[in-house]
Amino acid sequence: MLRRKGIEYGRVDLVAAMHRPLLRALRFPGITVPALVVEGRRVQGSRAIARALDELRPESPLFPADPERRAAVEEAERWGDEVLQSRPRRLAWWSLRRDRSGIRSFLEGARLPLPTGLAVATAAPIIWAASRYNHADDAAIQQDLAELPALIDHVDELIVQGVIGGSEPNAADFQIAPSVRLLMCFDDLRPSIENRPAGEHAVRVCPDFPGRIEPVLPADRPEALRAAA
């Protein structure tokens, strides 16, 4: 969103599960990431950041001016945040807890406050804590996998309806695409997503997205997630 607005910025990546005390130390009121300091104002969460950026720089708006279209974008943005986002995040932590070989791939290009090698070497307790924080247990993963086909169908529908996937990305594009892009980091899932509208949209909005998780998901995942694999 910052690049779309043409705003120069500096980025610091925080270690998962350790970000909460760090955000407190940086005087943010909550524990949510992403977190942004803009013109002395501290803003947390992608939805709040989208609105703050439109206030700061109205050019290249992240929301349509038409009230009906804006309502559709805001609803898609809410769905991406409250419904879709937790699934790939939980799947990733569950998978990395079982196979940590993909950790370094997710750190490519990261701007951590510690060396990458040290982050990889000390990842086990971070993954354990993040798994607990995200409720990434076996039962939750089975439920997430059962719901995933319908969620990807809904992303496709939003594209067909023109709510997302337009020539200029809006706030809902930026909310939804990263979640689909994370799903495409899974060798188990990428073949069943990448050629769909949702997959093509995710790559267009997030062309540079690090990370790869080799096959680790349960073999009894839904047929819709195995057919093209």
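Visitor: Which helices do the buried residues of H12 pack against?
Guide: This is a predicted model: local features need pLDDT of at least 70, side-chain atom pairs count only at pLDDT 80 or more, and totals for chains, interfaces and linings use all residues. Residues are numbered from 1 along each chain as its sequence is written, and side-chain values use heavy atoms, leaving out hydrogens and water. Helices are DSSP runs of H or I with at least four residues, numbered from the N terminus. The buried residues of H12 pack against H9, helix H10 (171–183) and helix H11 (190–193).

Visitor: Which residues in H12 are buried?
Guide: Buried means under 20% relative accessible area, exposed over 50%, partly exposed in between (1.4 Å probe, protein chains only). In H12 (residues 197–205), the buried ones are Ala198, Gly199, His201, Ala202 and Val205.

Visitor: What arc do they cover around the axis?
Guide: The arc is taken from the directions from the helix axis to the C-beta atoms. They lie on the same side of H12, because their arc is only 165 degrees.

Visitor: Which residues does Asp156 contact, leaving aside neighbours within four places in sequence?
Guide: Asp156 sits in helix H9. It is buried, with a relative accessible area of 12%. Contact means heavy atoms within 4.5 Å. Its partners are Arg196, Pro197 and Ala198.

Visitor: At what angle do H4 and H9 pack?
Guide: Axes are lines fitted to C-alpha atoms over the stretch in contact, and angles run from 0 to 180 degrees between N-to-C directions. Over 145 degrees counts as roughly antiparallel, and H4 and H9 are roughly antiparallel. Their axes are 12 Å apart, and the angle is about 165 degrees.

Definitions and conventions
Helix = DSSP H or I, 4+ residues; strand = E, 2+ residues; numbered from the N terminus. Parallel < 35°, antiparallel > 145°, perpendicular 65-115°, else oblique.
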